[in-house]
Amino acid sequence: MIKFIKEKLFHPYDRRPLYKRLLGYCDCPYHKRKWFIYPTTIHMNSSYANEASNWITVCEDFYEDEIAPYWREMWEDYYSSRF
Ligand SMILES: [Zn+2]
């Protein structure tokens, strides 16, 4: 319950306004502005200097399908271009 509140309602890097957090708003391409989804604020495998930019508030399905593979690919390209 505490984890739910911290990750889904009051995460410091959640950029949604309070009423959207409380009502579980998800704006990902799967849900397209649906309510009561309760997305999670997840740390991405990115390395922006601004720490807040490394976090995204999105449902886990969209994260696993789109966001995580995106960063995996970015790092693969990065490392393969270095050697
Ligand atoms: Zn979603």
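Ile-42 is buried, because 20 other C-beta atoms lie within 10 Å of its own; a residue is called buried when 20 or more other C-beta atoms lie within 10 Å of its own, exposed when the count is 12 or fewer, and partly exposed in between, with the C-beta atoms placed from the backbone. Ile-42 belongs to strand S1, where helices (H or I, at least four residues) and strands (E, at least two) are DSSP runs numbered from the N terminus. The structure is a predicted model, in which local features need pLDDT of at least 70 and side-chain atom pairs count only at pLDDT 80 or more, while totals for chains, interfaces and linings use all residues. Residues are numbered from 1 along each chain as its sequence is written.

Which residues does Ile-42 contact, leaving aside neighbours within four places in sequence? They are Trp-55, Ile-56, Val-58 and Tyr-63, and a contact here means that the C-beta atoms of two residues, placed from the backbone, lie within 7 Å. For Trp-55, the C-alpha atom is 5.5 Å from that of Ile-42, although the two residues are 13 apart in sequence.

## The overall plan

The protein contains three helices and two strands, and along the sequence these follow the pattern α-α-β-β-α. Taken along the principal axes, its C-alpha atoms fill a box of roughly 45 × 25 × 20 Å. Of the 83 residues, 11% count as buried. Among contacts between residues at least 6 apart in sequence, 39% join residues at least 24 apart.

## The largest nonpolar core

In soluble globular proteins, nonpolar side chains tend to be buried together. In this model the largest nonpolar core has five residues, namely Cys-26, Cys-28, Ile-42, Val-58 and Cys-59; such a core is a set of buried Ala, Val, Leu, Ile, Met, Phe, Trp, Tyr and Cys residues joined through C-beta atoms within 7 Å. When residues up to four places away in sequence are not counted, Cys-28 touches Val-58, Cys-59 and Phe-62.

## The loop between H2 and S1

Trp-35 is placed in the loop between helix H2 (18–22) and strand S1 (40–43), and it counts as exposed because it has 12 C-beta neighbours inside 10 Å. Apart from residues up to four places away in sequence, Trp-35 touches Leu-23, Gly-24 and Tyr-25. Its C-alpha atom is separated by 27 Å from that of Asn-45, which is 10 residues away along the chain.

Most residues other than glycine have a negative phi. Arg-33, however, has a positive phi near 65°, and Phe-36 has a positive phi of about 65° although it is not a glycine. Arg-33 is exposed, since 10 other C-beta atoms lie within 10 Å, and Phe-36 is exposed with 9 other C-beta atoms within 10 Å.

Phe-4 sits in helix H1 (residues 2–9). Is Phe-4 buried or exposed? With 10 C-beta neighbours inside 10 Å, Phe-4 counts as exposed. Its C-alpha atom is 19 Å from that of Glu-64, which lies 60 residues away along the chain.

Helix H3 (residues 60–82) has 23 residues and reaches 31 Å from its first C-alpha to its last, close to the 33 Å expected at 1.5 Å a residue; the expected span is 1.5 Å times one less than the number of residues in the helix. A kink of about 30° lies at Ile-67 in H3, shortly before the proline Pro-69, where the bend at a residue is the angle between axes fitted to the seven residues ending there and the seven starting there. H3 is hardly covered, and the count of buried residues among its 23 residues is zero.
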